[in-house]
Amino acid sequence: MTARPSLHVVITSKAPLDLPGEQLLHVAPLPLADDDASDGSAGAVRLAADRLGPGAPHELAVRTARLAAGVPLAIELEAGAIGG
């Protein structure tokens, strides 16, 4: 890292790793429904439905979003596991 001072590495974890130079960034979960988002962004269910793909039942998208607690990366992983 000292040879490449402009290099930035992004690592996700549920808990801090206590590494030198570690900076914590909290990523808030998405609201479940689009209409729950105060900034007009898409909600967790819509993201899950998109990642599950065409023809996925709405109930599966809701369950995926809830299982992932609205966290975008977790939704991506859950949907990938279901689709894969």
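This is a predicted model: local features need pLDDT of at least 70, side-chain atom pairs count only at pLDDT 80 or more; totals for chains, interfaces and linings use all residues.
User: OK, back up a bit. How many helices and strands does the chain have?

Analyst: Three helices and zero strands. From the N terminus on, the order is simply α-α-α.

User: Let's stay with helix 1. Which of its residues are buried?

Analyst: Helix 1 covers residues 44-52, and its buried residues are Ala44, Val45, Leu47, Ala48 and Leu52. Looking down the helix axis, these fall within an arc of 160°, so they line one face of helix 1.

User: And what does the face turned away from that buried side carry?

Analyst: Two exposed residues, Arg46 and Asp50.

User: Tell me about Val45. Why does it count as buried?

Analyst: Because its relative accessible area is 13%, and the cut-off for buried is under 20%.

User: What does Val45 touch, leaving out residues up to four places away in sequence?

Analyst: Val45 touches Leu32, His58, Ala61, Val62 and Ala65. Several names there belong to helix 2, where Ala61, Val62 and Ala65 are buried.

User: How far is Val45 from Leu30 in space?

Analyst: The C-alpha to C-alpha distance is 9.0 Å, with the two residues 15 apart in sequence.

User: On to helix 2, then. Which residues are buried there?

Analyst: Ala61, Val62, Thr64 and Ala65 are buried in helix 2. They cover an arc of only 165° around the axis, which puts them on the same side of helix 2.

User: What's exposed on the other side of helix 2?

Analyst: Glu59, Arg63, Arg66 and Leu67.

User: What about the backbone just after helix 2, which residue has a positive phi there?

Analyst: Ala69, with a phi of about 55°. Ala69 has that positive value although it is not a glycine. You'll find Ala69 in the loop between helix 2 (58-67) and helix 3 (72-83).

User: And where does Asp18 sit?

Analyst: Asp18 is in the segment before helix 1. Its phi is near 55°, which is again a positive value in a residue other than glycine.

User: Is Asp18 buried or exposed, and what's its relative accessibility?

Analyst: Asp18 counts as exposed, because its relative accessibility is 68% and the exposed class begins over 50%.

User: Which residues lie nearest its centre?

Analyst: Val10, Ile11, Thr12, Gln23 and Leu25 lie nearest the centre of the largest pocket, out of 28 lining residues.

User: How does that lining divide into nonpolar, polar and charged?

Analyst: The lining has 19 nonpolar residues, six polar and three charged.

User: Now the whole chain. What percentage of it is buried?

Analyst: Buried residues make up 19% of the 84 residues in the chain.

User: Last one: of the contacts between residues at least 6 apart in sequence, what percentage join residues at least 24 apart?

Analyst: For this chain that comes to 31%.

Conventions: Residues are numbered from 1 along each chain as its sequence is written. Side-chain values use heavy atoms; hydrogens and water are left out. On a 1 Å grid over the protein atoms alone, a cavity is a set of points where a 1.4 Å probe fits but cannot get out, and a pocket is an open set with protein on both sides within 12 Å along at least five of seven lines; lining residues have an atom within 4 Å of a point. Ala, Val, Leu, Ile, Met, Phe, Trp, Tyr, Cys and Pro count as nonpolar, Asp, Glu, Lys and Arg as charged, and the others, Gly among them, as polar. Buried means under 20% relative accessible area, exposed over 50%, partly exposed in between (1.4 Å probe, protein chains only). Helices (H or I, at least four residues) and strands (E, at least two) are DSSP runs, numbered from the N terminus. The arc is that of the directions from the helix axis to the C-beta atoms. Contact means heavy atoms within 4.5 Å.
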